[in-house]
Amino acid sequence: MDTIFILEKSLIILTVFAITMLIALYSTFGERVFAAYFQDRLGPNRAGPLGLLQPLADGVKMFTKEDFIPDTPNKFLFIFGPFLFMTTALITSSVIPWGDKLEIMGRTVYLQAADINVAVLFVLGIVSIGVYGIMVGGWASNNKYSLLGAVRASSQMISYEIAMGLSIISVLMVSETLSLRGIVEKQHGFIDWSGKFPWFSWYVFKQPLAFLIFLVCAFAETNRTPFDLPECESELVGGYHTEYSSMKLGFYLFAEYINMFISSAIISLLFFGGFNYPGMDWVKQQLGTNAATLIGVGAMFAKTLFGIFFYMWVRWTVPRFRYDQLMNLGWKVLIPLAILNIVITGAVIILSGN
Amino acid sequence: MHNFTLLLFLILSSLAIFCGLMTVFSRNPIHSALFLIGCFFAIAGHYLLLSAQFLAIVHIIVYAGAIMVLFLFTLMLMNLNEETEQHKPALAKIGAVISAGMLMLVLVAVFKRAVLAPPPPYQDFSIGTIETLGKVLLNEFLLPFEFASVLLLTAMIGAVLLAKKQNPNTNQA
């Protein structure tokens with residue numbers, strides 16, 4: 001393992017970390033701007049030009065608030081909760097391919113921190129670990145309402161994990177690989193000419209049902225409206241972070257935006273072709289590999305940012321579910337649909353003969 | 001490179017042993033459960049050192065991600081703490097110490113006589129990948145694999161039946 005390789009990977013990891021933070025930071029701003037737009041208000045416009053410094057002002061506010069720790073026998077776990085939630089939110093970005101390869105001075109640089117061949121399972125594993133941040137924090141708060149909020153949040157998350165995993169299986173049956181880069185490369189270009197009749201190569205056109213199920217589950221996993229029961233401020237007591245204040249609360253809220261960004265990235269990888277875009281082979285011939293790759297990175301981020309916008313759009317469009325409706329939808333609708341989708345996909349694969 | 005692997009092995013082993021001991025010695029059941037999760041992660045790290053990626057990830061998903069979450073659920077809702085813990089009689093404690101010590105004796109005797117298998121001459125990095133595992137499971141070990149899944153299905157249906165409340169108004173069992 002040579003030094004350049006380690007340097008290259010460290011650089012990619014740091015860049016991805018910085019970009020994730022930046023996008024999550026401006027998602028909080030974007031959310032307020034879009035909320036204002038949907039409600040016909042002006043929105044934040046005081047701090048800096050067009051209100052662009054608003055996230056910094058929010059950060060300063062969070063840091064300078066009183067850091068209150070409740071009377072709990074588990075002070076360490078109380079601090080450990082937000083830390084764990086933030087870590088699990090950030091760690092998933094390590095397997096996401098942000099772009100194809102660059103050729104710099106004879107070296108081929110893949111724009112990805114680690115291309116492991118169980119990347120999809122890795123993502124599912126980290127998602128299932130994310131529950132602990134909420135449970136530990138809610139329990140260590142030594143408050144009944146926090147504990148109930150934590151149980152509410154984590155039972156929602158583990159219920160929707162199942163449907164999420166099952167909906168991915170049908171995608172894996174088509175892609176025949178568990179590597180996220182492999183899945184993206186299978187969706188090469190925009191039109192797939194290899195079959196008997198040409199069809200769009202992106203999996204959203206090949207697996208529309210899986211896409212819908214995954215989308216709903218992603219909303220539930222990130223605790224966004226219409227599934228934001230873990231923390232619906234207007235109706236229930238805060239949720240698992242009732243006792244948190246200052247930057248520890250900031251970590252919980254900020255990790256939610258990171259989760260939004262990462263899940264949008266995963267959706268664009270699995271269903272919208274990631275860094276593929278129409279006419280990429282032509283661009284590669286005309287402008288060379290590096291230019292084509294950079295446009296691909298742009299396409300990837302455009303899809304991801306649209307995903308984040310979609311989260312905000314839905315938030316101000318669809319009303320919140322009731323808790324029993326949420327559980328019924330997860331267990332009695334989405335899981336059977338996902339299993340049906342697996343059966344249909346298997347039947348189609350066998351009938352089409354490959 | 002070899003030293004680096006050895007260092008990782010030592011770190012993971014000490015972490016696993018520490019978490020295992022703390023699982024037993026913690027007074028608070030929730031701390032025990034959290035240390036057990038730490039232990040699972042250390043063991044998953046060992047699987048990675050043996051280049052069994054699939055096993056490592058599935059170990060985390062199944063044990064840390066699913067089973068321990070349900071454990072924590074139950075523990076948190078039962079609200080066990082040191083005051084409610086019932087005290088065992090002294091005789092039971094002495095009996096437990098003696099039987100555990102005898103188990104230790106047996107284990108030590110076994111391990112003293114054990115012959116260490118020589119390490120494999122080369123390490124095949126593709127042995128733990130999901131492709132290899134899938135081919136082996138669905139060709140060579142298809143029957144045991146199917147039996148295991150049927151067994152799991154049976155256990156699941158059984159658990160659902162046990163958990164289902166019997167409605168006294170209907171005559172159906």
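Predicted model: local features only at pLDDT ≥ 70, side-chain atom pairs only at ≥ 80, totals over all residues.
User: How does the radius of gyration of chain A compare with the value the globule rule gives for 354 residues?

Analyst: Chain A has 12 helices and four strands. For its 354 residues the globule rule gives 20 Å, and the chain is close to that, so chain A is as compact as a globular protein of that length. Its C-alpha atoms fill a box of roughly 65 × 50 × 50 Å along the principal axes. The radius of gyration is 21 Å.

User: Among contacts in chain A between residues at least 6 apart in sequence, what percentage join residues at least 24 apart?

Analyst: Buried residues make up 43% of the 354 residues in chain A. For contacts between residues at least 6 apart in sequence, the share that joins residues at least 24 apart is 77%.

User: Is Leu50(A) buried or exposed?

Analyst: Leu50(A) is found in the loop between helix 1 and helix 2 of chain A. Its phi is near 60 degrees, a positive value in a residue other than glycine. Because 12 other C-beta atoms lie within 10 Å, and 12 or fewer is the cut-off, Leu50(A) is exposed.

User: Is Asn223(A) buried or exposed?

Analyst: Asn223(A) lies in the loop between helix 8 (208–221) and helix 9 of chain A. Asn223(A) is not a glycine, yet its phi is positive, about 55 degrees. The cut-off for burial is 20 or more other C-beta atoms within 10 Å. Asn223(A) has 21 of them, so it is buried.

User: Which residue in strand 2 of chain A is the bridge partner of Lys101(A)?

Analyst: Strand 1 (residues 101–104) and strand 2 (residues 107–110) of chain A pair in the antiparallel sense over four bridges. Their hairpin has two residues between the strands, and Met105(A) takes a positive phi near 50 degrees there. In strand 2, the bridge partner of Lys101(A) is Tyr110(A).

User: What distance separates the centres of domain 1 and domain 2 of chain B?

Analyst: Chain B is divided into domain 1 (1–80) and domain 2 (125–164). Six residues of domain 1 are in contact with six residues of domain 2. The side of domain 1 that touches domain 2 has four nonpolar, two polar and no charged residues. Taken over C-alpha atoms, the centres are separated by 23 Å.

User: What percentage of the 173 residues of chain B count as buried?

Analyst: Chain B has six helices and zero strands, and along the sequence its pattern is α-α-α-α-α-α. Among its contacts between residues at least 6 apart in sequence, 56% join residues at least 24 apart. Of the 173 residues, the share that counts as buried is 12%.

User: How far apart in space are Thr23(B) and Phe35(B), C-alpha to C-alpha?

Analyst: Thr23(B) is found in helix 1 (residues 2–25) of chain B, and it counts as partly exposed because it has 17 C-beta neighbours inside 10 Å. Leaving aside neighbours within four places in sequence, its contacts are Ser32(B), Phe35(B), Leu36(B) and Cys39(B). Thr23(B) and Phe35(B) are 12 residues apart in sequence, and their C-alpha distance is 5.3 Å.

User: Which helix of chain B gives the most to the side that touches chain A?

Analyst: In the contact between the chains, 17 residues of chain B meet 17 residues of chain A. By class, the chain B side has 14 nonpolar, three polar and no charged residues. The element that gives the most to this side, with 14 residues, is helix 3 (residues 53–78) of chain B.

Methods
Residues numbered from 1 in each chain as written. Chains lettered and ligands numbered in written order. Contact = placed C-beta atoms within 7 Å. Nonpolar A, V, L, I, M, F, W, Y, C, P; charged D, E, K, R; others polar. Pairing = 2+ DSSP bridges. Rg over C-alpha atoms; globule rule 2.2 N^0.38 Å. Domains from an automatic or database assignment.
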